[in-house]
Amino acid sequence: HLRDLIRDHGLDECVRLQGPPSDEELHRLIAEADVLVNLRYPHLGECSWSLLEGLWQGKACVVWRHGYYAEFPDDVVAKVKSLPELSATLEALAGDPGRRARQGARAR
């Protein structure tokens with residue numbers, strides 16, 4: 001279903017579905033990313049290593065506003081609670097490299 005949505009919306013060039021990467025590939029992918037989106041749901045009390053890795057690398061990150069993720073400071077991660085809010089947040093981050101840099105610096 002996701003592949004169909006990506007194709008139907010012409011996102012083939014900018015959206016990649018990634019299986020489980022090696023540690024080396026994960027570090028490289030995070031380094032290449034402008035924004036990391038971590039929408040773990042439902043939350044079962046666990047932490048996401050890829051999110052922590054992204055924060056350590058100083059990347060702008062978007063998370064669902066619930067559970068463990070809601071505890072991150074608001075100026076370190078962008079928190080969303082709905083799909084419309086996710087869309088607006090991604091558009092805002094995509095259009096503002098300065099905001100991404102500031103958020104990433106605070107994360108680091």
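Select H2 and H3: H2 passes H3 in a right-handed crossing (the near helix is turned clockwise from the far one by less than a right angle). Helices here are DSSP runs (H or I, at least four residues) and strands are E runs of at least two, numbered from the N terminus. This is a predicted model: local features need pLDDT of at least 70, side-chain atom pairs count only at pLDDT 80 or more, and totals for chains, interfaces and linings use all residues. Residues are numbered from 1 along each chain as its sequence is written, and side-chain values use heavy atoms, without hydrogens and water.

Stay on the pair. The axes of H2 (residues 23–32) and H3 (residues 49–56) come within 10 Å and cross at roughly 50°. Axes are lines fitted to C-alpha atoms over the stretch in contact, with angles from 0 to 180 degrees between N-to-C directions.

Now show side chains. Leu26, His27 and Ile30 of H2 meet Ser50, Glu53 and Gly54 of H3 (heavy atoms within 4.5 Å).

Next, the largest pocket: about 1,500 Å³, the space filled by probe spheres set on grid points joined across faces, edges and corners. A pocket is an open set of points on a 1 Å grid where a 1.4 Å probe fits, with protein on both sides within 12 Å along at least five of seven lines; lining residues have an atom within 4 Å of a point. Select Val15, Arg16, Val35, Leu36 and Val37, the closest to its centre of 37 lining residues. Finish on H4 (83–94). H4 gives the largest share of the lining, six residues.
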